[in-house]
Amino acid sequence: MTATRKVGPFDVFPIGLGCMSLSHAYGPPPPREQAERVLKGALDAGYNFFDTAAFYGLGHNETLVGEVLGDRRNDFVLASKCGLSRGDQRELNGSPEVLKATCEDSLRRLKTDVIDLYYLHRWDKRIPIEESVGALADLVREGKIRTIGLSEVSAPTLRRAHATHPIAALQTEYSPWTRNPEIAVLEACRELGVTFVAFSPVGRGFLAGGVMDASALAEGDFRVGMPRFQGEAFAANLNLLSQFKAIADDAGCTLAQLCLAWLMQKDPTIVSIPGTTSPDHMLENALAARVTLSAAVMARIETTVNGSTVTGPRYAPAMQASVDTED
Ligand SMILES: NC(=O)c1ccc[n+]([C@@H]2O[C@H](COP(=O)([O-])OP(=O)(O)OC[C@H]3O[C@@H](n4cnc5c(N)ncnc54)[C@H](OP(=O)(O)O)[C@@H]3O)[C@@H](O)[C@H]2O)c1
């Protein structure tokens, strides 16, 4: 049996389920019946850490999770996020009033009395981080959320927040092709005892071999606007992917499993949250917890796919402006 990992006081399977693409991000959401198979199947397969947000589908994703999993609420650790929407509008807003109102909406949509882990989705730099985290600390005291998380923040911001109220988890993008947390955030998490949650762990599908033709991406797919999926950068990255595939073949696992096993072995405390609309991919990803990579394979991944060998930044400038990271 796979050892669990800690998120605050909770013990979770080291691979959680990212629910975002069941509502938005990578083209049209899947049919409801398919989304239900992913969510219910995940619980049956051993996933017990589900990641959603008020922002995903502007309420659609939380409603979906609440409707499909609400009657099994005690069987999993529920994480959601606030701060990127106001009511049913997209809006970066970290003011205490908006965060508290969003939490009420989240609770109602998720059909629960308490959210286990509630993240500030982005730091709204107009508001001191202490004020936004202070609002979340009020929600802890009121029993509406159990623990607090942060998303896409730098190590100094994490330290300021943690001094206001203990932070249980920090989530940001981490995979072989996005190494930004290695600059400072991972170290700060280790030092403070904050669980690092790796989002987009299979490189938004690219490192899982799910995007072999960028021109086939649907209209409205976020990846269309991402530099690594464009033009010559995409072609160069495909070349890198073939080298990554050779490592997966030698290791006897799939590409997605290579990413997830790499994350598990990089640090014994990291939890990853791959997202999928496919019941088969969901099962394949869970099986990554059984994959053990040799030291030689780990070393090959380090030298083959890293910040210097990948072509293009992870975000376009407008998106980059909304994150508080060292990159
Ligand atoms: N805090 C934040 O700002 C933030 C940002 C992004 C994401 N997140 C969280 O992190 C979660 C995961 O991130 P993500 O969805 O952006 O990226 P990801 O997990 O790296 O990639 C998701 C993509 O990979 C494909 N995929 C997954 N498993 C696969 C497999 N075994 N084989 C082939 N393709 C596979 C999926 O396609 P299929 O649907 O076809 O499987 C999907 O298009 C999200 O659901 C969300 O909860 C948080």
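This report describes the sheet, the nonpolar core, the ligand shell and a few individual residues of a predicted model.

**The sheet**

The model contains an open sheet of eight strands, whose order is S3-S4-S5-S8-S9-S10-S11-S12 and whose pairing is parallel. At its edges stand S3 and strand S12 (271-272), each of which pairs on one side only. Helix H3, which covers residues 96-110, packs on this sheet and touches strand S5 (77-82), strand S8 (115-120) and strand S9 (145-151), and the direction of H3 makes about 140 degrees with that of S5.

Several of the strand pairs can be described in detail. S4 and S5 pair in the parallel sense over three bridges, and here Asp 51 has Ala 79 in S5 as its bridge partner. S8 and S9 are likewise parallel and are paired over five bridges, with Leu 120 standing opposite Leu 150 in S9. Strand S10 (residues 169-173) is joined to strand S11 (residues 195-199) by five bridges, and these two strands also run parallel; in this pair Ala 169 stands opposite Thr 195 in S11.

In soluble globular proteins, nonpolar side chains tend to be buried together. In this model the largest nonpolar core has 103 residues, and those with the most contacts inside it are Phe 49, Tyr 118, Leu 170 and Cys 259. Helix H8 (residues 255-266) supplies the largest share of this core, with nine residues.

The surroundings of Tyr 118 can be listed residue by residue: leaving aside neighbours within four places in sequence, Tyr 118 is in contact with Ser 80, Cys 82, Cys 103, Leu 136, Leu 139, Ile 145, Ile 148 and Gly 149.

Ala 248 has its place in helix H7 (residues 231-251), and its contacts, apart from neighbours within four places in sequence, are Cys 253, Thr 254, Leu 255 and Leu 258.

**Individual residues and their exposure**

| Residue | C-beta neighbours within 10 Å | Class |
|---|---|---|
| Glu 62 | 29 neighbours | buried |
| Ala 248 | 23 neighbours | buried |
| Ala 25 | 19 neighbours | partly exposed |
| Arg 126 | 10 neighbours | exposed |

Glu 62 lies in helix H2 and, when residues up to four places away in sequence are not counted, touches Thr 52, Ala 54, Ser 80, Ser 106, Arg 109 and Leu 110. From C-alpha to C-alpha, Glu 62 and Ser 215 are 31 Å apart in space and 153 residues apart in sequence.

Arg 126, by contrast, is found in the loop between S8 and helix H4 (129-141). Arg 126 counts as exposed because it has 10 C-beta neighbours inside 10 Å, and its C-alpha atom is separated by 38 Å from that of Ala 42, which is 84 residues away along the chain.

Ala 25, in the loop between strand S3 (17-18) and helix H1 (32-45), has a phi near 105 degrees, a positive value in a residue other than glycine. Leu 58, in the loop between strand S4 (49-51) and helix H2 (60-69), has a positive phi of about 45 degrees although it is not a glycine.

**The ligand shell**

Which residues come nearest to the ligand? Of the 30 residues around the ligand, these are Gly 18, Met 20, Gly 205, Gly 210 and Gly 275. By class, the shell consists of 10 nonpolar, 16 polar and four charged residues. Helix H9 (residues 279-286) gives the most to this shell, contributing three residues.

Conventions
Residues numbered from 1 in each chain as written. Predicted model: local features only at pLDDT ≥ 70, side-chain atom pairs only at ≥ 80, totals over all residues. Near = placed C-beta within 6 Å. Helix = DSSP H or I, 4+ residues; strand = E, 2+ residues; numbered from the N terminus. Nonpolar A, V, L, I, M, F, W, Y, C, P; charged D, E, K, R; others polar. Buried ≥ 20, exposed ≤ 12 C-beta atoms within 10 Å, placed from the backbone. Pairing = 2+ DSSP bridges. Contact = placed C-beta atoms within 7 Å. Axes fitted to C-alpha atoms, helices over the stretch in contact; angles between N-to-C directions. Core = buried A, V, L, I, M, F, W, Y, C linked by C-beta atoms within 7 Å.
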